[in-house]
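User: Can we go through this model together? I'd like to start with strand pairing.

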Amino acid sequence: MTSELSVSTAKAPFDRIDADVILLSSDNVEFWVFKVILSLSSPVFESMFWANGSKTSRSDTSAPTFKVPESSTTIETLLRFIYPTTTYLTLQSYDDAKPFLEAIAKYKVTDIVLERAKHMVSTKHMEKHFMSIYALSCRYRWKDLALAAARESLRLDILHDAVPYVQEMEEITAASYHRLLLYHRACGTAARDADSNQEWFPPPYLRYSSSCNKCNYDSGRAGIDKYRTACKAMLLRRPSPSTILDAKIPDEVATTWFEKAANPCKHRPQYFQEFRSAYAAEVERVISKVELEFP
């Protein structure tokens, strides 16, 4: 049995003595809350409160206490998303974000709360934990978050290189992982062929100086064509705008065109940067049209 002396009370606003229910976390922190607020945001809380299950009583308060298996960090974060006029916490560690997402799913919170929670986790943790988030999204059938995680995977060559192991991969089905690979491959094909429609190409760089002999001499954009050829192979493996915008890759490809060439034209670097930005935008456009198969 839990000793009364080991129980602490949460910080405001979850310490009001006029609260009508108490949530006791797994690490013995009491949250003094109001039934109506939680019930309106979660049918699970509503059933818990009105079914009179898992509650205990204390002699010093008339408010019933409900023990929950989540930690105080998870419960506080959940309550801050639910409660009006409170600032929600940004969980700095994914070890805290994962159980928070699981609690969001368990308590079946309203769509507004769910979207805010997914946005917070996505913004803070997607880059480093896309595979974990993808697996959780498949489990809870969150297609939008699964797509965001799949989009993040495009930065890596997951078709040829081993994806770093994460514990959540034990919970994902082979079909869900297969759909991720199919999405990656489809985006690779779309990104590789992004330059087949040249309507997005910036106008020829000779416009920078009509009197520049070097601009007129290379009006065929031979250097740009070589750059496009190199990018196609990279985009097939890593079909992301970041592949284009990565400073090292494009600059290394282009050096033979304008930096090391004899008497290089001063307009070429300017045009190249303009072309690279337009190329990345076109890659973004074409991969945004690729659908992630989701059951």
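User: What is the bridge partner of L24 in β3?

Analyst: L24 has E30 as its bridge partner in β3. This is a predicted model, in which local features need pLDDT of at least 70, side-chain atom pairs count only at pLDDT 80 or more, and totals for chains, interfaces and linings use all residues. Residues are numbered from 1 along each chain as its sequence is written, and side-chain values use heavy atoms, with hydrogens and water left out.

User: In which sense do β2 and β3 pair, parallel or antiparallel?

Analyst: Antiparallel, over 4 bridges. Two strands pair if DSSP finds at least two bridges between them. Strands are DSSP runs of E, at least two residues, and helices are runs of H or I, at least four, numbered from the N terminus. L23 stands opposite F31 in β3.

User: And the hairpin, which residue takes a positive phi?

Analyst: N28, near 65 degrees. The hairpin of β2 and β3 has 4 residues between the strands.

User: What does β1 do with β3?

Analyst: Strand β1 (residues 8-9) pairs with β3 in the parallel sense, over 2 bridges. S8 stands opposite V29 in β3.

User: Is β3 mostly covered or uncovered?

Analyst: Covered. In β3 (residues 29-33), 5 of its 5 residues are buried. Buried means under 20% relative accessible area, exposed over 50%, partly exposed in between (1.4 Å probe, protein chains only).

User: Which way do the β3 side chains point?

Analyst: V29, F31 and V33 point one way, E30 and W32 the other. In a regular strand the side chains alternate between the two faces of the sheet.

User: Which residues point which way from β2?

Analyst: V21 and L23 go one way, I22 and L24 the other, and all are buried.

User: Switching topic. How many helices and strands does the chain have?

Analyst: There are 12 helices and 5 strands. Buried residues make up 47% of the 295 residues.

User: Which element has the lowest mean pLDDT?

Analyst: Strand β4 (residues 55-58), at 52. Helix α6 (residues 143-153) has the highest, 97. The chain mean is 85, and 81% of residues reach 70 or more. pLDDT is the predictor's confidence in each residue, from 0 to 100. Where it is low, the predicted coordinates should not be read in detail.
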